[in-house]
Amino acid sequence: TELVAGIEGIRDLVPSLTKVIEINDSVSGLAPSGSPTVTQTYDTYVPQQAPEPALPWEVEDEEGVISINYTSGTTGTPKGVMYSHRGAYLASLGSVVHNQFTPDTKYLWTLPMFHCNGWCTAWAVTAAGGTQICLRAVEAGAIWHAIDDLGTTHICGAPAVCTTIADAPGAHQ
C-alpha cells in the first residue's frame with residue numbers, strides 16, 4: 001500500500017500489464033490506497049490461484065542464469081549482473097560456513113537484497129534454516145529494536161549504515 005503512489009500511471013506506460021495487486025500490510029498503519037491503478041487486493045487474489053504443481057528440483061544447466069540484478073550505477077554506469085545457479089549455490093553455502101549461520105541465526109537486512117542478491121545471503125540464511133528480519137527503511141530506531149528485542153545475531157552494513165547505528169541516540173554496546 002505504501003508504494004502504490006509511486007506506480008500511478010504505470011498501466012499507461014506498460015499497456016501489457018494486466019494486474020497490479022496491492023498488499024495492505026497492517027503494520028504500516030495505512031488504509032488501502034483506493035488507487036485506480038490497483039486491479040485487485042492480495043486478499044482477493046490468493047484464493048483465486050489454482051494449486052501449482054510441485055516445483056522441479058532439477059536444474060537443466062547449473063551454469064544457467066538464476067537471476068539478473070541491476071545496480072543503480074553509484075560507482076559508474078548502471079549495469080546488470082548475472083548469477084548462475086552454480087555460483088549462487090556455492091556462494092550461499094560458503095556464506096553459511098564463513099558466517100557460521102545456523103537455525104538460530106536471525107539475520108537483519110540492511111544490505112540491499114538487489115545488490116548481487118545481497119551477496120547470496122538470503123539463500124545462505126535460508127539454507128541454514130535461519131530467520132530473516134526485513135526493515136521498511138534503514139533507520140536507527142528500527143535497527144536497535146531488531147537487535148535488542150528481536151534477537152538479531154547477524155547484520156551486514158555499509159559504513160554509512162554502521163555510522164547510523166553507532167551515532168543513534170540509543171546506541172550501546
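## Largest pocket

In this predicted model, the largest pocket has a lining of 15 residues, and those nearest its centre are Val59, Ile66, His85, Ala88 and Tyr89. A pocket is an open set of points on a 1 Å grid over the protein atoms alone, where a 1.4 Å probe fits and protein lies on both sides within 12 Å along at least five of seven lines; lining residues have an atom within 4 Å of a point. The space in the largest pocket is about 430 Å³, a volume being the space filled by probe spheres set on the points, which are joined across faces, edges and corners.

Two or more lining residues come from each of α3 (85–99) and α5 (121–128), helices being DSSP runs of H or I with at least four residues, numbered from the N terminus. The most, 7 residues, come from α3. By class, the lining holds 10 nonpolar, 2 polar and 3 charged residues; here Ala, Val, Leu, Ile, Met, Phe, Trp, Tyr, Cys and Pro count as nonpolar, Asp, Glu, Lys and Arg as charged, and the others, Gly among them, as polar.

## Nonpolar cores

Leu108, Ile133, Ala140, Ile143, Trp144, Ala146, Val161, Ile165 and Ala168 form the largest nonpolar core, of 9 residues. Such a core is a set of buried Ala, Val, Leu, Ile, Met, Phe, Trp, Tyr and Cys residues joined through side-chain atoms within 4.5 Å, with buried meaning under 20% relative accessible area (1.4 Å probe, protein chains only). Both α6 (140–149) and α7 (159–166) give two or more residues to this core, and α6 supplies the largest share, 4 residues.

A second, separate core has 8 residues, including Phe101, Ala124, Val125 and Ala128.

## Basis of the values

Residues are numbered from 1 along each chain as its sequence is written, and side-chain values use heavy atoms, with hydrogens and water left out. Local features need pLDDT of at least 70 and side-chain atom pairs count only at pLDDT 80 or more, whereas totals for chains, interfaces and linings use all residues.

Key: Buried < 20%, exposed > 50% of the residue type's maximum accessible area, 1.4 Å probe, protein only.
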